[in-house]
Amino acid sequence: MKETFDLIPGRRASLYLAGTVLGLALLGGCTAEESDRFVITGNATYDGKPIPAGELVFTPDTSRGNKGPQGKAKIVDGKFTTRGDGRGVVGGPHRVELRAFDGVAFQDAEMMVEEGRPLFGSLKGNIDLPSDSAVIDAHVTTQGGKSQMTLSLVP
């Protein structure tokens, strides 16, 4: 073992070894976390029409005993998935936040806003997700000028 570290002088060898061990530990931790996540796909509509652009954020409901990393899915033309640019979810009760936009890019005072203008304010709901990949639908309806979101598992 001493022969291995003879190539790098004393203190530097210790730092090299510590960095390597830390890197491997972090890499192993990330892999295990990702394997506990599931893919969620589905459709998102607003008054019966596909939501052009937006985002769904899945937060484990700690008040109901669920814990884990937050999941995320980007909405494009009424379809969403946690795969690709998103982040998978863990199973169990979740709080879900939906942000939807018209998909028409515009230039504001400081920058180009690619996703467009908000269709409505941020909406929140709850759903119990299975411990496996699933399909859910997110439907937003407007009644009396107020938007309401309904989340449902697709069998």
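**Two turns to look at, and two stretches to treat with care**

Asp77 sits in the loop that links strand S4 (71-76) to strand S5 (79-81). Keep in mind that this is a predicted model, so a look at its confidence belongs in any first tour. The chain comes out at an average pLDDT of 85, and 77% of its residues score at least 70.

- Asp77 isn't a glycine, yet its phi is positive, near 50 degrees.
- Is Asp77 buried or exposed? Asp77 has a relative accessible area of 58%, which is over the 50% cut-off, so it counts as exposed.
- Asp47 lies in another loop, the one between strand S1 (40-46) and S2.
- Asp47 also has a positive phi, about 50 degrees, without being a glycine.
- Asp47 has 41% relative accessibility, so it falls in the partly exposed class.
- For background, most residues other than glycine have a negative phi.

**Where the confidence goes up and down**

- Strand S2 (residues 49-50) has the highest mean pLDDT among the chain's elements, at 98.
- Helix H1 (residues 2-5) is at the other end, with the lowest mean, 47.
- Residues 1-7 stay under 50 in pLDDT, and the model gives them 2 contacts beyond four places in sequence.

Methods
Residues numbered from 1 in each chain as written. Predicted model: local features only at pLDDT ≥ 70, side-chain atom pairs only at ≥ 80, totals over all residues. Heavy atoms only, no water. pLDDT = per-residue confidence, 0-100. Helix = DSSP H or I, 4+ residues; strand = E, 2+ residues; numbered from the N terminus. Contact = heavy atoms within 4.5 Å. Buried < 20%, exposed > 50% of the residue type's maximum accessible area, 1.4 Å probe, protein only.
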